[in-house]
Amino acid sequence: SEHRLSDFEKLQVLGHGNGGTVYKVRHRRTAAVYALKLLHTDTDASLRRQVSREVEILRHTDSPFVVRFHGVILPPSGDVAVLLEQMDAGSLDSLLRRRGNRPFPEPALAEIARQALHGLAYLHSHQIVHRDLKPSNLLVNRSGEVKIADFGVGKILRRSLDPCLSYVGTCAYMSPERFDPESYGGDYDPYAADVWSLGLAVLELYLGHFPLLPAGQRPDWAALMCAICFGEPPAPPPEGEASEDFRGFIGCCLQKESGKRWSVAELLGHPFVAGRDRSESARALRDLIAETAES
Ligand code: ATP
Ligand code: MG
């Protein structure tokens with residue numbers, strides 16, 4: 001690759017993931033700032049596969065709703081460094097935590113949903129499923145842009161609709177049909193799983209905690225899987241508390257049967273995202289970001 005690790009100066013840690021650390025870095029010569037995801041893959045073949053998958057997908061994307069890819073560096077150590085656009089307001093889960101888990105207001109959520117849906121529409125139109133959508137993989141910047149990141153378990157589907165039965169992604173955000181493909185005919189729409197995860201992520205930002213668990217409770221994976229497969233889908237917020245549009249939107253995403261779930265294209269036309277003043281919701285999100293960054 002054209003870049004070397006020594007071309008960059010580490011400024012701070014932006015986040016940790018499994019297998020690596022994301023740094024804010026500055027290119028010494030141009031002073032351009034990037035996020036650099038450094039993964040120790042020298043001893044870990046599955047992590048190596050994960051990185052090559054991520055790079056393979058990022059190479060194929062060019063959208064304002066997907067985090068920009070600026071190349072990959074292979075230092076002699078055997079590590080891999082992925083150079084990304086830096087999103088200066090971090091991930092939505094860190095934003096929620098910095099707010100002390102105070103729920104996001106609906107207009108900001110509408111803007112987040114709209115941009116994330118555009119990101120998904122772009123990916124799905126390129127036969128890419130994300131498969132790990134959650135607040136920590138949705139990044140924001142101070143301009144109020146929301147972008148999808150972290151393609152470590154994404155998949156490029158070619159021609160046939162691969163049912164992608166493989167067990168990847170964060171279990172908590174996985175849709176019922178991915179846990180238990182058999183009872184859904186074993187042949188489901190892989191794109192619909194991203195819609196479930198998005199609905200769960202938006203509801204989490206509304207509630208201030210992961211919807212399938214009471215606030216503050218640590219996940220017990222077996223119980224969680226039972227809740228997703230055999231329980232009722234997470235209920236939309238009660239009438240009177242949330243708007244009818246928001247309740248409807250969440251209901252359309254969190255249909256247990258993937259065939260009944262709305263598609264990304266349909267959701268982009270849902271009144272919750274399409275039926276409001278765009279500049280007002282954009283401002284609501286920018287204000288929320290600015291207010292959180294200052295505190
Ligand atoms: P996990 O498996 O836990 O989701 P991961 O190893 O796949 O993590 P990422 O999700 O890509 O790694 O990044 C981990 C965290 O680092 C993110 O949740 C976010 O807080 C931060 N981060 C990642 N990329 C960027 C970026 N481009 N700009 C700013 N922060 C970022
Ligand atoms: Mg992540």
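Ala35 in strand E3 (33–39) sits across from Leu84 of strand E5, in a model that is predicted throughout. Helices (H or I, at least four residues) and strands (E, at least two) are DSSP runs counted from the N terminus, and two strands pair if DSSP finds at least two bridges between them. E3 and E5 run antiparallel and are joined by six bridges. E5 itself is mostly covered, with five of its six residues buried. Here, buried means 20 or more other C-beta atoms within 10 Å of the residue's own, exposed means 12 or fewer, and partly exposed is anything in between, with C-beta atoms placed from the backbone.

As for bookkeeping, residues are numbered from 1 along each chain as its sequence is written, while chains are lettered from A and ligands numbered from 1 in the order in which they are written. Since this is a predicted model, local features need pLDDT of at least 70 and side-chain atom pairs count only at pLDDT 80 or more, though totals for chains, interfaces and linings use all residues.

Strands E1 (8–17) and E2 (20–27) also run antiparallel, joined by eight bridges, and Glu9 faces Arg26 of E2. Two residues separate the strands in this hairpin, where Gly19 has a positive phi near 95 degrees. Further on, Ala31 occupies the loop between E2 and E3. Most residues other than glycine have a negative phi, yet Ala31 shows a positive value near 65 degrees. Ala31 is exposed, with 8 other C-beta atoms within 10 Å.

Around ligand 1 there are 23 residues, the closest being Gly15, Gly17, Val22, Ala35 and Asp150; a residue belongs here if its C-beta atom, placed from the backbone, lies within 6 Å of the ligand. E1, E2, E3 and E5 each supply at least two residues of this shell, and E1 gives the largest share, three residues. By type, the shell splits into eight nonpolar, twelve polar and three charged residues (Ala, Val, Leu, Ile, Met, Phe, Trp, Tyr, Cys and Pro count as nonpolar, Asp, Glu, Lys and Arg as charged, and the others, Gly among them, as polar).

Asp150 lies in the loop between E8 and E9 and has a positive phi near 65 degrees. Asp150 is buried, with 22 other C-beta atoms within 10 Å. Phe151, in the loop between strand E8 (146–148) and strand E9 (155–156), is buried too, with 28 such atoms within 10 Å. Leaving out residues up to four places away in sequence, Phe151 touches Arg53, Glu54, Ile57, Leu58 and His130, where contact means C-beta atoms, placed from the backbone, within 7 Å.

On confidence, the protein chain averages a pLDDT (the predictor's confidence in each residue, from 0 to 100) of 88, and 92% of the residues score at least 70. Over residues 159–167, however, the pLDDT is below 50, and this stretch has twelve contacts in the model beyond near neighbours in sequence. Where pLDDT is low, the predicted coordinates should not be read in detail. The model scores ipTM 0.95 and pTM 0.91.

Key
Two residues are in contact if their C-beta atoms, placed from the backbone, lie within 7 Å.
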